[in-house]
Every structure is written in structure tokens, then in C-alpha cells.
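We will walk through the sheets one stop at a time.

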Amino acid sequence: MSSVTVPGSHGRAVRVDAGGTIRVVNTHGTQVVDFWALRSDRPEIAMSMQHSRIRWQNLRPHPGDEMLDEERSLMLTLVEDTSPGVHDTVIAACDPIRYQQLGAPPDHRSCCTNFAEALAALSVTRSGPVPAPLNLFMNIPWDLDGNIRFEPTVSAAGDSVLFRAEVDVIAVASACPQDLVPINGPGGGKPVDVELVTSP
């Protein structure tokens, strides 16, 4: 096994071969993680939340659920989830425009920036917009009228999710830098590090 620390407000990418696993550990229990998977042979093809939700028949993945790409092909399987299972598949990754709208300084980090930096560190180039992420540990309650709220994560320190790669993938994780809405803690928690643990 190998482990990579994702510092709070930053991102990291790792390669996972078919049959290998990647565990995303919420080290402190308070951190939302934007998570993506790209095909290693064709990085422009990404894990797709809208296609995966059809397979799950649910707005959240559960152990045993399959993650599909934009061509409806299988990429990952969610093998294990030790958290309460509260994740989000609706909200876009934060970007500089979002922080500008919230009144943040121009140099505020974002998950979209983290995604690009993490891929660049692996010398991976990809055209097109940042895909919609699987927002691990993100608590976005909804009601029957379709209204949503941004609430702090309900995970505990050490909670994790484990994925098995069904094809060779590049997994990207961002310890979300959002500190202006309360997803990382009441009033906007301080982003903290998480861990990626891979196994062949």
C-alpha cells in the first residue's frame, strides 16, 4: 500500500491500475473531498455523476454501487463506506468565479484549480471543463420541493470510502478550500488534510 496526504485546500492525483483500490480517508472527520476519476488511456473521459445516478437509482452512492463514465462504461465500484454515507453528487466543484461571487480574495484556492494542478503534477493534459465531482462527505440535505441546504459534514475522524478500479484510472482528490459556507464546519470550517491510500 502507499499513502498520499492531500493538504487542506489543495489537491493530489494518483494512478490506480484495474483491480487496485483507493481509499479516501477523512482524517479529521470535518473535510469535504471533491473526487474525480479519469480513464488513464483517455483522460478526457471522466466519471460521470449524471450517468452513475441512473445506475444507482439514487442521489447518493452506497457500497456495491458502480461509478460510470460519460460513455456509460464502468470505472469504479464503491466497495466500502465507513462514514454515515452522506455524500453529494449535485453541487459543482468550487471555482474562482464562485469565490468572487462570495466576496473572497482573488487568490482564494478552489477545487477546479486543485484539479488542474494535480493533473499537471502527473504531466496529464486534459481539454474541456472540470467534470462534476463526487463530493465525498459533503452534506447537502434536500426536501420534497427540491430545496437544498449547505450543512457541515456528519463524518467522524478516520471515516473512509474505498473504491476498486475496474479500469486503469487517474484518481483526483481535492480537500475542498471552501471556508465561506459551512460545509467544512459551522460558519465555514478551516480546510484540513485528508489521506489517499492505494493498493495494487
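Begin with the open sheet of four strands, in the order 2-9-4-7, with antiparallel pairing. Strands here are DSSP runs of E with at least two residues, and helices are runs of H or I with at least four, numbered from the N terminus; two strands pair if DSSP finds at least two bridges between them. The model is predicted: local features need pLDDT of at least 70, side-chain atom pairs count only at pLDDT 80 or more, and totals for chains, interfaces and linings use all residues. Residues are numbered from 1 along each chain as its sequence is written, and side-chain values use heavy atoms, leaving out hydrogens and water.

Now select 11-16 and 134-136: strands 2 and 7 are the edges, each with a single partner strand, so one side of each has no neighbour in the sheet. From one strand to the next, the twist averages 25° (axes are lines fitted to C-alpha atoms, for helices over the stretch in contact; angles run from 0 to 180 degrees between N-to-C directions).

Next, pick residues 33-39, which are strand 4, joined to antiparallel strand 7 by three bridges. Which residue of strand 7 is the bridge partner of phenylalanine 35? Look for leucine 134.

Move on to the open sheet of six strands, ordered 1-10-3-8-6-5 and paired antiparallel. Its edges are strand 1 (2-6) and strand 5 (66-68). Finish by selecting 21-26 and 194-199: strands 3 and 10 pair antiparallel over five bridges, and valine 25 has glutamate 195 in strand 10 as its bridge partner.
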